Amino acid sequence: MDTSNYQQIFSSGVPSFDLLLGGGIPRRQSVIITGNPGCGKTILCGQVAFRTAARGIPVVLATVTSEPHDKLVQALSGFSFFDRGLLGDKLFLVSAYASLKKGAKEARDILLHTVRERGARLLFIDGLRSIRDLWQDEAKLREFLYELGIGLAAMDCIGLFTTEYALEKLLALPEATTVDGIVALDVLRQGGRRLRRMEVVKLRGRDHLTGEHFMQLGRDGVQVIPRLEAQVPSDLEVAPPSTRSSFGLPEFDALLHGGLPAYSTTLLAGSMGIGKTLLATHFAAQGARQGEKTLFVSFFEPPVLSVARARRIGLEVAEDVSRGALNMLHLPPSELEADAIAHRLLEEVARLGVQRLVVDGLSELERSICDPERRHTFMAALSVHLRRAGVTSLFTKEVSKVAGTELDFNDSPIAMLGENLVLLRYVELRGRIHRVLSILKMRDSRYDGDLREFEIRDEGIRVLAPMRSAEGLLTGQARAVGTSIGGVST
C-alpha cells in the first residue's frame, strides 16, 4: 500500500470491517450505515466508537431523538467492547434533539462546536431518519449534511451516521449523494434461517471489496467474513514441489506412483460406509508420522470417535493427536455459512502451519453455500487458498447410490475443480458385495488406472490385485468374464 495513501486511512478498530473498506475509513469523510431495523447498524457504529475511544482518540456520540442516552448505552452494554469508564471523557454523549427542533443551523453548530471542544476525530450520529421525520424538508436535510460534512472535514473528523432505510430507498434520497460513503446491512431469510449481509456500496476515493459479504453478531459485536472469492490473490503462484504425499498403504500408493502430488486437491468419492473416512484417516496419519502438520476436519464425528474408529482397524492415531502432529477439528452441522466455515478452516491452517488437510464430508460444506451459483467459484477459491498455503488437501464426498449405473458426484463443483479424483464403489457380483476403487483423474501426473478390489479388516485396509475378470465394475453391476474375484468362482 502507498504510504501517503495509508496515512489517510482511519482504522475503525474492527479489523474485518476495515478489510471490507480497503484498510479503514478514509479520513475527513462522512459515511452512512443503512439498513432496516434490527440489522446491526447501531451495534457496528457503537463498536467503532468504543474501540476508537479505547485507543485514546476522542469520540462524540450524538442522539437525535427525545429518548435519553441511557437507552442507547443500555443497548450496547452487553457487548465486550463496551467500557463505561470511557463515557464522559473519551466518548462524549450529546443530545442534538433540542437544537434540531430549532433548525438546521442550530443543530450543525452544536455538533461542530462539541467536536471542536472535545478534539474529536469521530462523530457518530445515531438515527438520520429521525431528523428527516422531524423536519419533513428535503432541501433542509441536504444542506445540513453538506455543511456538517464540510465542517467535520475541516477538523479532520470522520462522520458516521446510521439511518433506517433499505438500500434501494436510500439511493433515491439526497443523503446518498451528500455523504462520501454508504455501507448497507441486510438480513435475508432463507428457509428457517436469517442471514446477515454487509455491502460497501460507495466509498469515495478508496478501492474496497465489492458485493455482499457474510456478517455475524456475537458478544464481541459485529464480525464480517468477506466472500472467499473476493480475497483470491491475483499474483503468480509458486510452482509446487515434485514430491508426493503417500497414504502409508503400499499397494494404493503404488497406484498413485508414490502418493498425491504436493499442494494438489483431491476428491475421494464413494458410497455410504464404503471406507472413505478410514482411507482419509490413513492419509492424515501418514502425514503426521512423516513430520507434516496435519489437520483432519469432520462434520460428523468428534475427535474421540474418529480416533476410536481408526483404532478398530489397527490404525493408532491417539499419540499423533496428543503430540500435536495430527490436529482434529469437529464442525458439527449448524447454521454456519460456507464463508464462516472456510474462514475458520483457513485460520487453523495458518495458525498450525498445516501441510496436509482432510475435510471429511464435502456435502456439508456444499450445502452451507446458500447461493448455488457460487459453488463453483467458492470451491475454486478455496482450492487456490489451500494451494498457496502449501497444503495438500483431500475431501471426501458421499455418492448417493450404493450400487447402480449412475455416478452421482458429478454435480459436485470440486469433482471438476479438484486435480485428482478417486472413486470407491460397491460392486454386486453373483449375490456378493465387493468394494472396488479406481483413480479416475490425476491432473498432470502419472497414475495407474486399474480397478482394484479392497478389503477393510481388523488389521486395516488392504488393496488387492487388479480386477480383470468382470465387466461393468464402475456401474456397480458387474458381469463375470474370467476366473475369480475375491475368491468367488465365476
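Mentor: Helix H4 (residues 69-76) has Leu72, Val73 and Leu76 as its buried residues. Seen down the axis of H4, these residues fall within an arc of 100°, so they line one face of the helix; the arc is that of the directions from the helix axis to the C-beta atoms. This is a predicted model, in which local features need pLDDT of at least 70, side-chain atom pairs count only at pLDDT 80 or more, and totals for chains, interfaces and linings use all residues. Residues are numbered from 1 along each chain as its sequence is written, and side-chain values use heavy atoms, with hydrogens and water left out.

Trainee: Which residues of H4 are exposed?

Mentor: Buried means under 20% relative accessible area, exposed over 50%, and partly exposed in between (1.4 Å probe, protein chains only). On the other side of H4, Asp70, Lys71 and Gln74 are exposed.

Trainee: What covers the buried residues of H4?

Mentor: Contact means heavy atoms within 4.5 Å. Helices (H or I, at least four residues) and strands (E, at least two) are DSSP runs, numbered from the N terminus. The cover includes helix H3 (41-54), strand S4 (59-63), strand S5 (91-95) and strand S6 (122-126).

Trainee: In what order do the strands of the open sheet stand?

Mentor: Two strands pair if DSSP finds at least two bridges between them. Here nine strands follow the order S5-S4-S6-S7-S3-S8-S9-S10-S11, with mixed pairing. S5 and strand S11 (221-225) are the edge strands, each pairing on one side only.

Trainee: How many disulfides does a search of the whole structure find?

Mentor: A disulfide is a pair of cysteine sulfur atoms within 2.5 Å. The search finds zero.
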